[in-house]
Amino acid sequence: MHEKSLLTLEYPKILAKVAGEAAFSASKELVLALEPTPNIDEARRRLAYTTEASNLLDLHTDTGVRGAHDIRPFLARAARDGVLTPSDLLEVMETVRSSLFVARQLEKLDAEVFPLLHALGAAIPQRPRIAQRIEETISDEGAVLDTASPALRKIRFDLRGANQRLQERLRTLVNEFGHALQDPIITIRNDRYVIPVKAENRSQVRGIVHDQSSSGATVFVEPMVVVELNNRIRELQIEERQEIERILRVLSHEIGLEHDALQAAVELLAEFDLHMAKARYSRLTRSNAPRLNDSGRIDLRNARHPLLTGKVVPTNFHLGRDFFMVVITGPNTGGKTVALKTVGLLTLMAQAGMHIPADYDSEVAVFADIFADIGDEQSIEQSLSTFSSHLSRIIEILRRVQDEKQRGALEIRGKLSETLTKQNEQQRANVLVLLDELGAGTDPSEGSALARAILTYLLERYVTTVATTHYSELKAFAHEQPNVVNASVEFNVETLSPTYKLSIGLPGRSNALAIANRLGLDTSIIERAREFLGSAGVRMESLLEGLQTERKSLEDERYRTSMERVEAEYQRKQLEEERYKLEEQRVRILNEARAQARRELDEIQTALAKIKIDAQRPSISREHLSNARQIAHRLEEKVIAVPEAQRPRQRTQEAELSPEELNRPLQIGDMVRVLNFGQNAELLGVSADRNEAEVQMGAMRFRVNIDNIERVSKRKAKETEQSAPSIVAPRYEDRPAVDLQLDMRGWRVEHALEELETYLNDAALAGMGSVRIVHGKGTGALRAAVREQLQHHPLVKSFASAPANEGGDGVTIVKLSA
């Protein structure tokens, strides 16, 4: 890639921010060395790694390399038979442990969901024996342990014993010569134990003088009686040091033998951390993975420059289908340069495998090279003016484009829009050129002519180009030439401020006269300026003003229409829900009434049977028989008064069944109709008390009340499935599949709550028991709003944060009411 253009588009600043998310120096080096690739397959592979890493963060927020270090210099020293220090060995141990943790975590991932990271984990060499050996040898504080070897254990045991004997002898001497000592203490000078003796009492203590105080009043004497004990301690200390050096040398040699495997582990850990750093930066900037193509198409939706802070107005930009050159006009500080840089920088980020701060359905082309002339590079030493500095860079860009054409290295792969000619398909160069303030810094007429010539040169070579300018002549050029389109950044004349909104297809106005009028310039001066501008210029400005007004009206109308459509859709859903509830209520009331009528009928029939039995007794009196007949007559009238069992509107299948089938008990495999859904299902079983039945309706299995189903013939069931009724109760199969989770990260609170309401309704109607709401952590505002709505929602039984390994406070698990 063109180095100057990378700097111009501030690509290194993006790398620096991503490097700030890396965990150790080796991965930071990889990030800072990351270059955009011109190969679309490699770019897609890099993006896939970033996407998998982002999904992994959703599952395990604490995923990382955990204390890894760049131990490659230590490995090189060990491979050359060098000796590593205990602190070096601790870093080696921590890195080996990190490689073990990452490898095992990645190998546990689903290979179908995380194919790249799973393969990366399988490739990391695992050397647990190295970590174990270091752990057995070096303490956490960096000291060699007594257990490192039997010899070291014995030496230190002897050393502690010698020290103890020396201390006891010295304490005896302190007590014996207390009057001759400056202080009754034991100290060390030149690694020898000594006692502080007053200078005037030096002759009273026989021994070797090792030091004296700065005043000369105290001399530090090693008594002769402890010289041999001190010598023994020094001998043991030397033996200890030699044994420690031997242990470190052996351990370093073992590490040197594993040089290649451990170096590969460090490099793969760095690669993994690179992908995780890109994923973390993607979350910070609320970015998404774009679609990639090698056909020169760019379609950025609600794109934001990642280095801008505060309230950023998103940009919508597209080219490569009906045109491949865009000329942007508009006022200064209106956002032309930001739009230009956004297109270039987001293209570089996508080719480097980073997500871009734009909507998920954005699309970016992969170019072989990107050239940018943005900003002013005046040079006093080289006597370069603004115009000269711009022109020098443009000359370099045009030369590079021509060289690429001649080598034939840049060819488009894939079909272009039908509006482009066959010659275009054959000759179009796969490069992106970004030119800011083309032709500025010199005489306007000459600058305009030169700018038009440069654009014509690029147009004839079919180079994808985005240019900004103030020249009105270039507006006409873009309007007249095929494959070129005007664009503009809008300006609010009322507030005298830019809106930073980019409009494709509409040239920008200068707004100079309108601004002057708004600021209060004398009207006569403005009218005189219009006369000097000429009738053609006035007509052009009037035409542009009319086009902008008409376009704004159309946008306002489109917005009102969309809002009305949303409102109508909401009302439709509400009416559907009400209709479903009313239909369920109607069927339930009918079923309850029918059940009550059946119970009363059974009581009456039982009473009649009892009366008939009593009437047949030979001992019954005539009076009792007359009374029984009267009671039976009244009961028969009640039987006639019991209404026929009501049937929901959907029950039309009984005529299709024979009397034997109607009276036969329900059996497994029978086709039944679930009345409150108005749908056919297969009977899977009946409870022991015959109060509930288990049915299979499409892909769903659930239990229903036995009074809520009726047997239907298989032929009628098939006919019912082929011809849906005009009005039906709620049917699950009519509804689209509902996802197990709703991801609302990056959404506005109002939009998120609307989508949450629709999602919970759909999930409840689909019979789902629980769902996941992914809102992220961030400032906590979205999470608080979501949980406030869940707190009072009639469909929600309970909710709680997800476990730490499944998103923690960034995910809410919602249990729905049955």
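Me: What makes Arg246 buried, exposed or partly exposed?

Reply: This is a predicted model, so the value is computed from predicted coordinates. Arg246 has a relative accessible area of 41%. Buried means under 20% and exposed means over 50%. The value of 41% lies in between, so Arg246 is partly exposed.

Me: What does the side chain of Arg246 meet, and why is that called a salt bridge?

Reply: The partner is the side chain of Glu243. The N to O distance is 2.6 Å. The limit is 4 Å, between a side-chain nitrogen of Lys or Arg and a carboxyl oxygen of Asp or Glu.

Me: Is Glu243 buried or exposed, and how do you know?

Reply: Glu243 has 10% relative accessibility. The cut-off for buried is under 20%, so Glu243 counts as buried.

Me: How many salt bridges does the rule give?

Reply: The count comes to 41 salt bridges. Side chains of opposite charge can pair when their charged atoms come close.

Me: Which parts of the chain does the salt bridge of Arg127 and Glu258 link?

Reply: The two side chains meet at 2.8 Å, N to O. Arg127 is in the loop between helix H7 and helix H8. Glu258 is in the loop between H10 and helix H11. The residues are 131 apart, and the pair links distant parts of the chain.

Me: Why are Arg127 and Glu258 called partly exposed?

Reply: Arg127 has a relative accessible area of 28%. Glu258 has 25%.

Me: What makes Glu363 and Arg297 a salt bridge?

Reply: Their closest N and O atoms are 2.9 Å apart. The rule asks for a distance within 4 Å, so the pair qualifies. This pair also links distant parts of the chain: Glu363 is in strand S9, and Arg297 is in the loop between strand S5 and strand S6, 66 residues away. Glu363 has a relative accessible area of 5%, so with the cut-off at 20% Glu363 is buried.

Me: Why is Ser282 called buried, and what does Ser282 touch?

Reply: Ser282 is found in H11. Its relative accessible area is 4%, under the 20% cut-off, so Ser282 is buried. Leaving out residues up to four places away in sequence, Ser282 touches Ser287 and His355.

Me: Why do the side chains of Asn680 and Arg673 count as a polar contact?

Reply: They are joined at 3.2 Å. The limit for the N or O atoms is 3.5 Å, so the distance passes. Asn680 sits in strand S16. Its relative accessible area is 10%, under 20%, so Asn680 is buried.

Me: Which residues of helix H5 are buried, and how do you know that they line one face?

Reply: Phe74, Leu75 and Ala78 are buried in H5. Seen down the helix axis, the buried residues fall within an arc of 100°, so they line one face of H5. Their cover includes helix H6, H10 and H11. Just after H5, Asp81 takes a positive phi of about 65°.

Me: In what order do the four strands of the open sheet run, and what makes S1 and S3 its edges?

Reply: The order is S1-S2-S4-S3, with antiparallel pairing. S1 and S3 each have a single partner strand, so one side of each is left without a neighbour in the sheet. The twist averages 50° from one strand to the next.

Me: How do you know that S3 and S4 pair?

Reply: Pairing needs at least two bridges. S3 and S4 have five, in the antiparallel sense, so they pair. Across them, Val209 has Val221 in S4 as its bridge partner. Helix H9 packs on the sheet, touching S2 and S4, and its direction makes about 10° with that of S2. H10 packs on the sheet too, touching S2, S3 and S4, at about 145° to the direction of S2.

Note on methods:
Residues are numbered from 1 along each chain as its sequence is written. This is a predicted model: local features need pLDDT of at least 70, side-chain atom pairs count only at pLDDT 80 or more; totals for chains, interfaces and linings use all residues. Side-chain values use heavy atoms; hydrogens and water are left out. Helices (H or I, at least four residues) and strands (E, at least two) are DSSP runs, numbered from the N terminus. Buried means under 20% relative accessible area, exposed over 50%, partly exposed in between (1.4 Å probe, protein chains only). Contact means heavy atoms within 4.5 Å. A polar contact is a pair of N or O atoms within 3.5 Å; within protein, one must be able to donate a hydrogen and the other to accept it, and residues adjacent in sequence count only if both atoms are side-chain atoms. The arc is that of the directions from the helix axis to the C-beta atoms. Axes are lines fitted to C-alpha atoms, for helices over the stretch in contact, and angles run from 0 to 180 degrees between N-to-C directions.
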